[in-house]
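Here's a protein model to look over, and a quick briefing to go with it.

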Amino acid sequence: MAFAPQLKIAATYMRGGTSKGVFFKLDDLPLAAQTPGPARDKLLLRVIGSPDPYGKHTDGMGGATSSTSKTVILSRSSRSDHDVDYLFGQVAIDKPFIDWSGNCGNLTAAVGSFAISNGLVDAERIPSNGICVVRIWQANIQKTIIAHVPITDGEVQETGDFELDGVTFPAAEVQVEFIDPAADEDGAGGAMFPTGNLVDEFEVPGLGKLQATFINAGIPTIFVNAADIGYTGTELQGAINENAEALLMFEKLRAYGAVKMGLIDSIEAAAARQHTPKIAFVAAPADYVSASGKAIHASDIDLLVRAMSMGKLHHAMMGTAAVAIATAAAVPGTLVNLAAGGGDRSQVVFGHPSGTLRVGAEATQVNGEWTVTKAIMSRSARVLMEGWVRVPQD
């Protein structure tokens, strides 16, 4: 019996921040996959190795976690004031589903590097030595992101001494600015606080009434107090990811919060929107030991944050959720701001399962409404492998 050969598609496997994914230039994809739709999703699912009932991604490029089951499609920007258009797909592990509803802030750190190295940035914008400013149009959420990529002898400088908790080895620092980060993707409506309140009380069956801060910044995010759901904020992955009841509780909380934010019309619709919103819980600083065994001292952080991604506790912090943290911390009265001690704050250092992270945001209040002009964080990025991926052709 004859079978069709494999497709051979140019691709780059990259780490960005605490995530990694498969990067493609749009015009390198098969023609049918160059536009959104079932053909594109089917191809990228096969590249990653999903759906995988074994949860291992043995037959694909995915890493069987939300941080490593990602795809990126890049092209020269159609906008004259941007260099590159960036489209992100979060691939489900055990379902035939790709969520296009949000951004990946971590992989954003790799977008600028890929764009420079693959001819998507005009040569005259790339210095021989110094920093190349790459203007990124984030197509999922229709936002501008600025990446500051180090250049040495005309090439992207990937190695360095910048250390990022959640990443094993040091690399070159890439500063990323998220401009006007209030989310505008489908259903978010553009309002930074979609309910009009900094803190809401809402009821979740089985949990009762909870306080929450609902925010659209970086990515739609629901913040609750750790103590209100039985946690301390010092938890590592095993405490939650190995507890089936806890995972169901967080998904229920996320679904009811998504309805409250106006992102979905019914609880059932949450199953088709797994990437957004995110759910996170916060607490005041406390001592704990990170996943790597590093001692984190309460005196070195402003607050504790733990966040769920694709149904599991993230091993560090999603870049987009870090933007939400920075933004919420900058607005006096949110649960994030209060956990950090309250008051005016332009930056915070928060503790996550792998260590700590410093993030900043510029917030202003105009006519009684809060706006954030930009959020800033540092990440790093590195090419892990480049060449071609092979996908069986139907």
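The protein chain is split into domain 1 (5–179 + 379–389) and domain 2 (198–375), with bounds that come from an automatic or database domain assignment. The C-alpha centres of the two domains lie 25 Å apart. Where they touch, 25 residues from domain 1 and 26 residues from domain 2 take part in the contact, and contact here means heavy atoms within 4.5 Å.

Before going further, some ground rules. This is a predicted model, so local features need pLDDT of at least 70 and side-chain atom pairs count only at pLDDT 80 or more, while totals for chains, interfaces and linings use all residues. Residues are numbered from 1 along each chain as its sequence is written, and side-chain values use heavy atoms, with hydrogens and water left out.

**The largest pocket**

- The largest pocket has a volume of about 990 Å³. 
- Of the 45 residues that line this pocket, A64, T65, S66, S67 and I93 are the closest to its centre.
- What counts as a pocket? On a 1 Å grid over the protein atoms alone, it's an open set of points where a 1.4 Å probe fits, with protein on both sides within 12 Å along at least five of seven lines; a set the probe cannot get out of is a cavity instead, and lining residues have an atom within 4 Å of a point.
- As for the volume, grid points are joined across faces, edges and corners, and the volume is the space filled by probe spheres set on the points.
- Why does the largest pocket lie between domain 1 and domain 2? Both domains give residues to its lining, so that's where it sits.
- At least two lining residues come from each of β2 (19–25), β4 (84–91), α3 (237–241), α4 (244–261), β17 (312–313) and β21 (381–392).
- Those labels are DSSP runs numbered from the N terminus: helices are H or I with at least four residues, and strands are E with at least two.
- Which element gives the most to this lining? That's α4, with four residues.
- Sorted by class, the lining has 15 nonpolar, 21 polar and nine charged residues.
- In that sorting, Ala, Val, Leu, Ile, Met, Phe, Trp, Tyr, Cys and Pro are nonpolar, Asp, Glu, Lys and Arg are charged, and the others, Gly among them, are polar.

**The second largest pocket**

- By class, the second largest pocket is lined by eight nonpolar, one polar and three charged residues.

**Covered helices**

- Helix α5 (residues 319–329) is mostly covered, with 11 of its 11 residues buried; buried means under 20% relative accessible area, exposed means over 50%, and partly exposed is in between (1.4 Å probe, protein chains only).
- Among the buried residues of α5 are G319, T320, V323 and I325.
- Helix α2 (residues 105–117) is mostly covered too, with 12 of its 13 residues buried.
- The buried residues of α2 include L107, V111, F114 and I116.
- Just after α2, G119 takes a positive phi of about 75°.

- The peptide bond from S50 to P51 is cis, with omega near -5°, and P51 sits in the loop between α1 and β3 (70–76).
- T276 and P277 are also joined by a cis peptide bond, with omega about -5°; P277 belongs to the loop between α4 and β13 (278–283).
- A64 isn't a glycine, yet its phi is positive, near 65°.
- You'll find A64 in the loop between α1 and β3, where A64 is partly exposed at a relative accessible area of 21%.
- D153 isn't a glycine either, and its phi is about 50°, again positive.
- The loop between β7 (143–152) and β8 (155–156) holds D153. Is D153 buried or exposed? With a relative accessible area of 64%, D153 is exposed.

**Cysteines**

- C104 counts as buried at 5% relative accessibility, and C132 counts as buried at 0%.
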